[in-house]
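Subject: Structure for you to look at

Hello,

Here is the structure I promised to pass on. Please open it beside this email and follow along; what I found comes after it.

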Amino acid sequence: MSIFITGGSEGLGLELAKVYLRQGFVVGVCSRKSLTNEFIEKEIGEGKGRFFQYRCDVRNRSDLESALRQLNEIDPVMMVVANAGIDKRKPLQSGFSHYEDVISTNLMGVINTIDVAVNLLCPRRTGRIAVISSIASLYGLPRAAPYCASKAAVNVLCESLRHELKVSGIDLTVIMPGGILTKMTQPKKLSPFGALTAARAAEKCARAIEQGRRRYAFPKPQYFLFQCMKLMPEWVLSRLFKKVYE
Ligand SMILES: NC(=O)c1ccc[n+]([C@@H]2O[C@H](COP(=O)([O-])OP(=O)(O)OC[C@H]3O[C@@H](n4cnc5c(N)ncnc54)[C@H](OP(=O)(O)O)[C@@H]3O)[C@@H](O)[C@H]2O)c1
């Protein structure tokens, strides 16, 4: 059985790939850039015989479909993880030009991934789909409007689809991580509660997916902070954002 992970060339996706390789699965990852043999040797090591990489952009549905089909021919795909995502944080003064990039990758990329996964898994009436959203989907953060909006849309999309997919024997899990130490977060200030390593976050994601959780948000302190933000008075939010962003 194999597992397909979008955005598996680094960060959380790569660490998830390592978790599943350790569990004995065949794993296929896709990303826009190709991985070198040296990189695969260093990062994957022993599992490299069961690791396959595909160069494709999640915004391109037919490339995605072709990558998934190729992996399925090697070993039947039983799970697809829609992990690829980008975050371009910019102040309003920088304009809206980056919005399309973020929304097309984080939302349309997930829709394309679910679409190709459903076409493959539904006829068999078994399989799993996991989608990596974010705790940032729970409250619109300053400078991160397209990111937060795309992740919030993903949550609602999956809420709808989970019920429909269940009927077809497909389980859908949405994961909402908080801060993780990856390239995405390197130059930024993270939540006051700090961040997890990508390896630790990947273990938590894999466990929640295996348990068939509908939604899983972690770490809990960050989850509760974001939930509380909805109830906080404006002056508290202003102070909080000032602390985080200045
Ligand atoms: N890091 C955090 O704190 C955090 C928190 C919550 C949620 N998340 C979510 O977790 C997921 C992984 O994030 P990360 O932190 O691991 O980021 P990362 O280290 O920047 O890795 C992102 C991965 O996605 C791939 N990717 C980006 N755009 C793509 C596209 N159009 N088509 C195919 N692959 C694409 C990248 O490869 P290429 O550049 O080669 O395409 C890379 O493999 C994202 O959905 C992110 O929103 C992250």
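Around the ligand there are 31 residues, and G7, G11, R32, G85 and T182 are the closest. A residue is near a molecule if its C-beta atom, placed from the backbone, lies within 6 Å of it. This is a predicted model, in which local features need pLDDT of at least 70 and side-chain atom pairs count only at pLDDT 80 or more, while totals for chains, interfaces and linings use all residues. Numbering starts from 1 along each chain as its sequence is written.

By type, the shell around the ligand has 9 nonpolar, 15 polar and 7 charged residues. Here Ala, Val, Leu, Ile, Met, Phe, Trp, Tyr, Cys and Pro count as nonpolar, Asp, Glu, Lys and Arg as charged, and the others, Gly among them, as polar. At least two shell residues come from each of α1 (11-22), β2 (26-31) and α4 (99-121); α1 gives the most, with 3. Helices (H or I, at least four residues) and strands (E, at least two) are DSSP runs, numbered from the N terminus.

Next, strand β6 (residues 170-177). Of its 8 residues, 7 are buried, so β6 is largely enclosed by the rest of the structure. Buried means 20 or more other C-beta atoms within 10 Å of the residue's own, with C-beta atoms placed from the backbone.

β6 pairs in the parallel sense with strand β5 (residues 127-132) over 6 bridges, and A130 stands opposite T173 in β6. Two strands pair if DSSP finds at least two bridges between them. β6 also runs parallel to strand β9 (residues 215-218), joined by 4 bridges, with V174 opposite R215 in β9.

Regards

How values were computed: Buried ≥ 20, exposed ≤ 12 C-beta atoms within 10 Å, placed from the backbone.
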